[in-house]
Amino acid sequence: MSLATPGSAPADAPAVLSAPVRARRRRGARRAADLLGGRRPTGRRTAARFTPWLFLAGAVGLLLMFTYWPALNLFWYSVTDWDGIDLTKEFVGFDNYVQVFTDPRIFNVFWVSLYYFAASFAQMAIALYFATILSFSTRLSSLFRGILFFPYLINGVAVGFVFLYLFQPGGTLDTVLAWFGLADPPQWLGNPDIVNWSLAGTSVWRYTGLNFVLFLGAIQSIPHELYEAADLDGASRWQQFWAIIFPGIRRIIGLSFILAIAGSLSVFEIPFIMTGGANGSATFVIQTLQTAFNFRQVGLASAMAVVLLVIVLVVTWIQRRLFPDEKVDLT
(Lines give C-alpha, C1' and ligand atoms only; values in the text may rest on other atoms or scores of the structure.)
Protein backbone atom coordinates (compact mmCIF):
# COMPACT_ATOMS: atom_id res chain seq x y z
CA MET A 1 0.00 0.00 0.00
CA SER A 2 1.46 3.29 -1.10
CA LEU A 3 1.12 6.40 0.94
CA ALA A 4 0.48 9.78 -0.60
CA THR A 5 1.03 13.09 0.97
CA PRO A 6 -1.83 15.55 1.05
CA GLY A 7 -2.19 17.53 -2.21
CA SER A 8 -0.15 15.06 -4.27
CA ALA A 9 -1.30 12.50 -6.84
CA PRO A 10 -1.02 8.79 -6.17
CA ALA A 11 2.20 7.08 -7.27
CA ASP A 12 0.44 4.95 -9.90
CA ALA A 13 -1.45 7.91 -11.43
CA PRO A 14 -0.35 9.03 -14.97
CA ALA A 15 1.94 12.02 -15.12
CA VAL A 16 0.38 15.31 -16.06
CA LEU A 17 2.03 16.81 -19.21
CA SER A 18 2.47 20.44 -19.85
CA ALA A 19 0.48 22.17 -22.62
CA PRO A 20 3.44 22.59 -25.07
CA VAL A 21 4.35 18.91 -24.75
CA ARG A 22 0.75 17.84 -25.37
CA ALA A 23 0.55 20.07 -28.47
CA ARG A 24 3.74 18.62 -29.92
CA ARG A 25 2.51 15.10 -29.36
CA ARG A 26 -0.81 15.86 -31.01
CA ARG A 27 0.97 17.31 -34.08
CA GLY A 28 3.22 14.26 -34.26
CA ALA A 29 0.23 11.93 -34.01
CA ARG A 30 -1.59 13.77 -36.81
CA ARG A 31 1.53 13.70 -39.00
CA ALA A 32 1.92 9.97 -38.41
CA ALA A 33 -1.75 9.39 -39.18
CA ASP A 34 -1.42 11.38 -42.42
CA LEU A 35 1.60 9.35 -43.49
CA LEU A 36 -0.07 6.05 -42.61
CA GLY A 37 -3.22 7.10 -44.43
CA GLY A 38 -1.31 8.04 -47.60
CA ARG A 39 -1.74 11.77 -47.06
CA ARG A 40 0.97 14.37 -46.99
CA PRO A 41 1.13 17.53 -44.93
CA THR A 42 -0.58 20.56 -46.40
CA GLY A 43 2.67 22.29 -47.40
CA ARG A 44 4.02 19.25 -49.19
CA ARG A 45 0.72 18.67 -50.96
CA THR A 46 0.76 22.24 -52.23
CA ALA A 47 4.37 21.93 -53.46
CA ALA A 48 3.62 18.60 -55.16
CA ARG A 49 0.59 20.14 -56.84
CA PHE A 50 2.41 23.16 -58.27
CA THR A 51 5.79 21.60 -59.13
CA PRO A 52 4.70 20.18 -62.54
CA TRP A 53 3.16 23.55 -63.44
CA LEU A 54 6.44 25.30 -62.65
CA PHE A 55 8.34 23.06 -65.06
CA LEU A 56 5.61 23.51 -67.67
CA ALA A 57 5.63 27.28 -67.23
CA GLY A 58 9.31 27.47 -68.21
CA ALA A 59 8.78 25.54 -71.44
CA VAL A 60 5.60 27.44 -72.33
CA GLY A 61 7.30 30.74 -71.57
CA LEU A 62 10.17 29.99 -73.93
CA LEU A 63 7.70 28.85 -76.60
CA LEU A 64 5.68 32.05 -76.29
CA MET A 65 8.78 34.24 -76.27
CA PHE A 66 10.64 32.72 -79.22
CA THR A 67 7.78 31.39 -81.38
CA TYR A 68 4.39 32.99 -80.92
CA TRP A 69 5.52 36.49 -79.99
CA PRO A 70 7.77 36.78 -83.08
CA ALA A 71 4.89 35.44 -85.17
CA LEU A 72 2.61 38.18 -83.85
CA ASN A 73 5.29 40.77 -84.57
CA LEU A 74 5.65 39.35 -88.07
CA PHE A 75 1.95 39.82 -88.71
CA TRP A 76 2.12 43.39 -87.38
CA TYR A 77 5.05 44.19 -89.66
CA SER A 78 3.13 42.75 -92.61
CA VAL A 79 0.42 45.41 -92.35
CA THR A 80 2.92 48.30 -92.24
CA ASP A 81 5.36 49.86 -94.68
CA TRP A 82 8.35 49.49 -92.33
CA ASP A 83 11.75 49.56 -94.01
CA GLY A 84 13.61 47.93 -91.12
CA ILE A 85 15.38 51.14 -90.05
CA ASP A 86 12.86 53.85 -89.19
CA LEU A 87 11.36 53.86 -85.71
CA THR A 88 7.92 54.74 -87.07
CA LYS A 89 5.77 52.23 -88.92
CA GLU A 90 2.85 53.46 -91.01
CA PHE A 91 -0.19 51.20 -91.09
CA VAL A 92 -1.12 50.24 -94.67
CA GLY A 93 -3.62 47.46 -94.05
CA PHE A 94 -3.58 44.58 -96.49
CA ASP A 95 -1.80 46.42 -99.30
CA ASN A 96 1.28 44.23 -98.89
CA TYR A 97 -0.80 41.06 -99.26
CA VAL A 98 -2.45 42.44 -102.38
CA GLN A 99 0.99 43.10 -103.85
CA VAL A 100 2.15 39.58 -103.01
CA PHE A 101 -0.68 38.02 -105.02
CA THR A 102 -0.72 40.52 -107.87
CA ASP A 103 2.99 41.04 -108.55
CA PRO A 104 4.15 38.18 -110.82
CA ARG A 105 7.77 38.68 -109.82
CA ILE A 106 6.90 37.68 -106.26
CA PHE A 107 4.42 34.85 -106.52
CA ASN A 108 5.84 33.15 -109.62
CA VAL A 109 8.91 32.02 -107.70
CA PHE A 110 6.65 29.35 -106.17
CA TRP A 111 7.07 27.44 -109.44
CA VAL A 112 10.69 26.83 -108.47
CA SER A 113 9.44 24.83 -105.50
CA LEU A 114 7.99 22.26 -107.90
CA TYR A 115 11.51 21.08 -108.73
CA TYR A 116 12.23 20.38 -105.08
CA PHE A 117 8.79 18.86 -104.61
CA ALA A 118 9.50 16.37 -107.41
CA ALA A 119 12.95 15.73 -105.95
CA SER A 120 11.41 14.97 -102.56
CA PHE A 121 9.49 12.04 -104.08
CA ALA A 122 12.73 10.76 -105.56
CA GLN A 123 14.49 10.91 -102.21
CA MET A 124 11.56 9.21 -100.47
CA ALA A 125 11.62 6.39 -103.04
CA ILE A 126 15.39 5.94 -102.68
CA ALA A 127 15.18 6.04 -98.89
CA LEU A 128 12.33 3.53 -98.78
CA TYR A 129 14.16 1.19 -101.13
CA PHE A 130 17.37 1.10 -99.11
CA ALA A 131 15.52 1.03 -95.77
CA THR A 132 13.60 -2.06 -96.90
CA ILE A 133 16.74 -3.84 -98.08
CA LEU A 134 18.88 -2.97 -95.07
CA SER A 135 16.14 -3.89 -92.61
CA PHE A 136 16.82 -7.54 -93.43
CA SER A 137 20.04 -9.42 -92.85
CA THR A 138 22.50 -7.88 -95.30
CA ARG A 139 26.26 -7.97 -95.39
CA LEU A 140 27.88 -4.70 -94.30
CA SER A 141 24.44 -3.27 -93.48
CA SER A 142 25.86 -1.01 -90.75
CA LEU A 143 28.36 0.45 -93.20
CA PHE A 144 25.69 1.20 -95.80
CA ARG A 145 23.43 2.73 -93.16
CA GLY A 146 26.20 5.11 -92.14
CA ILE A 147 26.95 6.02 -95.75
CA LEU A 148 23.30 6.85 -96.44
CA PHE A 149 22.80 8.88 -93.27
CA PHE A 150 26.15 10.72 -93.36
CA PRO A 151 25.12 13.48 -95.86
CA TYR A 152 22.36 14.62 -93.53
CA LEU A 153 24.91 15.22 -90.76
CA ILE A 154 26.88 17.70 -92.88
CA ASN A 155 26.10 21.37 -92.52
CA GLY A 156 23.99 22.76 -95.37
CA VAL A 157 26.51 25.52 -96.11
CA ALA A 158 29.28 22.94 -96.46
CA VAL A 159 27.10 20.85 -98.78
CA GLY A 160 26.45 23.92 -100.91
CA PHE A 161 30.16 24.68 -101.30
CA VAL A 162 31.03 21.05 -102.06
CA PHE A 163 28.47 20.82 -104.87
CA LEU A 164 29.39 24.29 -106.06
CA TYR A 165 32.83 22.96 -106.94
CA LEU A 166 31.26 19.77 -108.27
CA PHE A 167 29.04 21.62 -110.77
CA GLN A 168 31.38 24.42 -111.80
CA PRO A 169 32.75 24.39 -115.39
CA GLY A 170 35.71 22.05 -115.55
CA GLY A 171 34.91 20.76 -112.09
CA THR A 172 34.63 17.26 -110.75
CA LEU A 173 31.44 16.33 -112.56
CA ASP A 174 32.71 17.57 -115.92
CA THR A 175 35.96 15.68 -115.41
CA VAL A 176 34.16 12.42 -114.68
CA LEU A 177 31.85 12.88 -117.67
CA ALA A 178 34.89 13.53 -119.90
CA TRP A 179 36.19 10.06 -119.00
CA PHE A 180 33.07 8.65 -120.66
CA GLY A 181 33.41 10.75 -123.80
CA LEU A 182 31.17 13.70 -122.92
CA ALA A 183 33.51 16.53 -123.88
CA ASP A 184 30.99 19.39 -123.93
CA PRO A 185 28.81 19.16 -120.78
CA PRO A 186 26.16 21.80 -120.11
CA GLN A 187 26.43 24.68 -117.67
CA TRP A 188 24.98 22.97 -114.62
CA LEU A 189 24.48 26.20 -112.66
CA GLY A 190 24.58 28.74 -115.50
CA ASN A 191 21.82 27.36 -117.69
CA PRO A 192 18.34 28.43 -116.46
CA ASP A 193 16.84 25.24 -117.90
CA ILE A 194 19.16 22.99 -115.86
CA VAL A 195 20.09 24.93 -112.74
CA ASN A 196 17.00 24.01 -110.72
CA TRP A 197 17.40 20.33 -111.53
CA SER A 198 21.01 20.51 -110.37
CA LEU A 199 20.01 22.17 -107.11
CA ALA A 200 17.14 19.73 -106.56
CA GLY A 201 19.54 16.82 -107.11
CA THR A 202 21.79 18.29 -104.43
CA SER A 203 18.87 18.37 -101.98
CA VAL A 204 18.12 14.72 -102.80
CA TRP A 205 21.69 13.77 -101.88
CA ARG A 206 21.49 15.64 -98.60
CA TYR A 207 18.02 14.77 -97.28
CA THR A 208 17.70 11.14 -98.35
CA GLY A 209 19.40 10.10 -95.11
CA LEU A 210 16.67 11.66 -92.97
CA ASN A 211 13.89 9.76 -94.71
CA PHE A 212 16.04 6.64 -94.66
CA VAL A 213 16.36 6.73 -90.86
CA LEU A 214 12.64 7.37 -90.41
CA PHE A 215 11.68 4.47 -92.68
CA LEU A 216 14.28 2.12 -91.22
CA GLY A 217 13.12 2.75 -87.65
CA ALA A 218 9.50 2.20 -88.64
CA ILE A 219 10.26 -1.04 -90.49
CA GLN A 220 12.29 -2.43 -87.60
CA SER A 221 9.39 -1.76 -85.22
CA ILE A 222 7.21 -4.27 -87.11
CA PRO A 223 7.06 -7.60 -85.21
CA HIS A 224 9.45 -10.15 -86.67
CA GLU A 225 6.88 -12.91 -86.27
CA LEU A 226 4.95 -11.47 -89.22
CA TYR A 227 7.93 -12.03 -91.51
CA GLU A 228 8.32 -15.57 -90.23
CA ALA A 229 4.66 -16.30 -90.92
CA ALA A 230 4.99 -14.82 -94.41
CA ASP A 231 8.05 -16.99 -95.10
CA LEU A 232 6.10 -20.07 -94.05
CA ASP A 233 3.31 -19.08 -96.44
CA GLY A 234 5.84 -18.75 -99.26
CA ALA A 235 5.51 -14.96 -99.68
CA SER A 236 8.28 -13.23 -101.62
CA ARG A 237 10.07 -10.12 -100.45
CA TRP A 238 7.99 -8.02 -102.79
CA GLN A 239 4.77 -9.50 -101.40
CA GLN A 240 6.02 -8.95 -97.85
CA PHE A 241 6.68 -5.32 -98.69
CA TRP A 242 3.12 -4.63 -99.90
CA ALA A 243 1.38 -6.78 -97.29
CA ILE A 244 3.48 -6.04 -94.18
CA ILE A 245 6.00 -3.22 -94.57
CA PHE A 246 4.00 -0.62 -96.48
CA PRO A 247 0.85 -0.82 -94.28
CA GLY A 248 3.03 -0.85 -91.17
CA ILE A 249 4.87 2.37 -92.00
CA ARG A 250 1.98 4.25 -93.59
CA ARG A 251 2.01 6.92 -90.89
CA ILE A 252 5.74 7.53 -91.34
CA ILE A 253 5.23 7.87 -95.08
CA GLY A 254 2.53 10.46 -94.40
CA LEU A 255 4.89 12.33 -92.08
CA SER A 256 7.61 12.30 -94.73
CA PHE A 257 5.11 13.65 -97.24
CA ILE A 258 4.27 16.56 -94.94
CA LEU A 259 7.98 17.28 -94.43
CA ALA A 260 8.49 17.13 -98.20
CA ILE A 261 5.79 19.74 -98.82
CA ALA A 262 7.07 22.07 -96.12
CA GLY A 263 10.67 21.60 -97.22
CA SER A 264 10.01 22.19 -100.90
CA LEU A 265 8.20 25.46 -100.13
CA SER A 266 10.89 26.76 -97.77
CA VAL A 267 14.15 25.77 -99.52
CA PHE A 268 16.89 28.25 -98.76
CA GLU A 269 20.39 27.03 -97.94
CA ILE A 270 21.46 25.17 -101.06
CA PRO A 271 20.24 27.63 -103.75
CA PHE A 272 21.36 30.63 -101.71
CA ILE A 273 24.91 29.29 -101.29
CA MET A 274 25.32 27.88 -104.79
CA THR A 275 23.64 30.49 -106.99
CA GLY A 276 22.32 33.25 -104.75
CA GLY A 277 19.02 32.99 -106.61
CA ALA A 278 20.52 33.79 -110.02
CA ASN A 279 19.45 32.28 -113.35
CA GLY A 280 15.89 31.71 -112.21
CA SER A 281 16.82 29.66 -109.15
CA ALA A 282 15.43 32.04 -106.50
CA THR A 283 13.01 30.33 -104.15
CA PHE A 284 10.26 32.08 -102.22
CA VAL A 285 12.42 32.31 -99.11
CA ILE A 286 15.32 33.84 -101.06
CA GLN A 287 12.91 36.30 -102.64
CA THR A 288 11.63 37.20 -99.17
CA LEU A 289 15.16 37.71 -97.87
CA GLN A 290 16.11 39.94 -100.80
CA THR A 291 12.92 41.97 -100.40
CA ALA A 292 13.64 42.61 -96.73
CA PHE A 293 17.37 43.34 -96.77
CA ASN A 294 18.26 44.33 -100.34
CA PHE A 295 15.20 46.44 -101.13
CA ARG A 296 14.41 47.53 -97.53
CA GLN A 297 10.78 46.45 -97.73
CA VAL A 298 10.40 44.62 -94.44
CA GLY A 299 6.63 45.05 -94.41
CA LEU A 300 6.25 43.38 -97.80
CA ALA A 301 8.70 40.65 -96.85
CA SER A 302 6.76 39.99 -93.66
CA ALA A 303 3.58 39.62 -95.70
CA MET A 304 5.38 37.12 -97.94
CA ALA A 305 6.47 35.14 -94.87
CA VAL A 306 2.92 35.09 -93.52
CA VAL A 307 1.60 33.90 -96.89
CA LEU A 308 4.18 31.11 -96.93
CA LEU A 309 3.17 30.05 -93.42
CA VAL A 310 -0.52 29.97 -94.34
CA ILE A 311 0.17 27.97 -97.51
CA VAL A 312 2.15 25.36 -95.59
CA LEU A 313 -0.60 25.05 -92.98
CA VAL A 314 -3.35 24.77 -95.59
CA VAL A 315 -1.51 22.18 -97.67
CA THR A 316 -0.75 20.18 -94.53
CA TRP A 317 -4.41 20.32 -93.48
CA ILE A 318 -5.54 19.16 -96.92
CA GLN A 319 -3.05 16.31 -96.84
CA ARG A 320 -4.28 15.24 -93.40
CA ARG A 321 -7.87 15.30 -94.61
CA LEU A 322 -7.14 13.28 -97.73
CA PHE A 323 -4.82 10.82 -95.99
CA PRO A 324 -5.89 10.66 -92.35
CA ASP A 325 -4.06 8.56 -89.78
CA GLU A 326 -5.48 5.09 -89.58
CA LYS A 327 -4.80 2.55 -86.92
CA VAL A 328 -2.80 -0.20 -88.59
CA ASP A 329 -3.48 -3.75 -87.41
CA LEU A 330 -1.23 -6.24 -89.17
CA THR A 331 -2.54 -9.18 -87.18
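Colleague: How many helices and strands does the protein have?
Modeller: The protein has 15 helices and zero strands; these are DSSP runs numbered from the N terminus, H or I over at least four residues for helices and E over at least two for strands. This is a predicted model, where local features need pLDDT of at least 70, side-chain atom pairs count only at pLDDT 80 or more, and totals for chains, interfaces and linings use all residues. Residues are numbered from 1 along each chain as its sequence is written, and side-chain values use heavy atoms, leaving out hydrogens and water.

Colleague: What does pLDDT average over the protein?
Modeller: The average is 83, with 84% of the residues at 70 or more; pLDDT is the predictor's confidence in each residue, from 0 to 100.

Colleague: New topic. Which residues of H10 are buried?
Modeller: Leu226, Tyr227 and Ala230, in a helix that spans 224-232. Buried is under 20% relative accessible area, exposed is over 50%, and partly exposed lies in between (1.4 Å probe, protein chains only). Down the axis of H10, the buried residues fall within an arc of 100° (directions from the axis to the C-beta atoms), so they line one face of the helix.

Colleague: What covers them?
Modeller: Helix H9 (195-220) and helix H11 (237-248) are among the cover.

Colleague: Which residues are exposed on the other side?
Modeller: His224, Glu225 and Leu232. Just after H10, Gly234 has a positive phi of about 80°.

Colleague: Is Leu54 buried or exposed?
Modeller: Exposed, because its relative accessibility is 62%. Leu54 sits in helix H2, residues 42-78.

Notes. Contact = heavy atoms within 4.5 Å.
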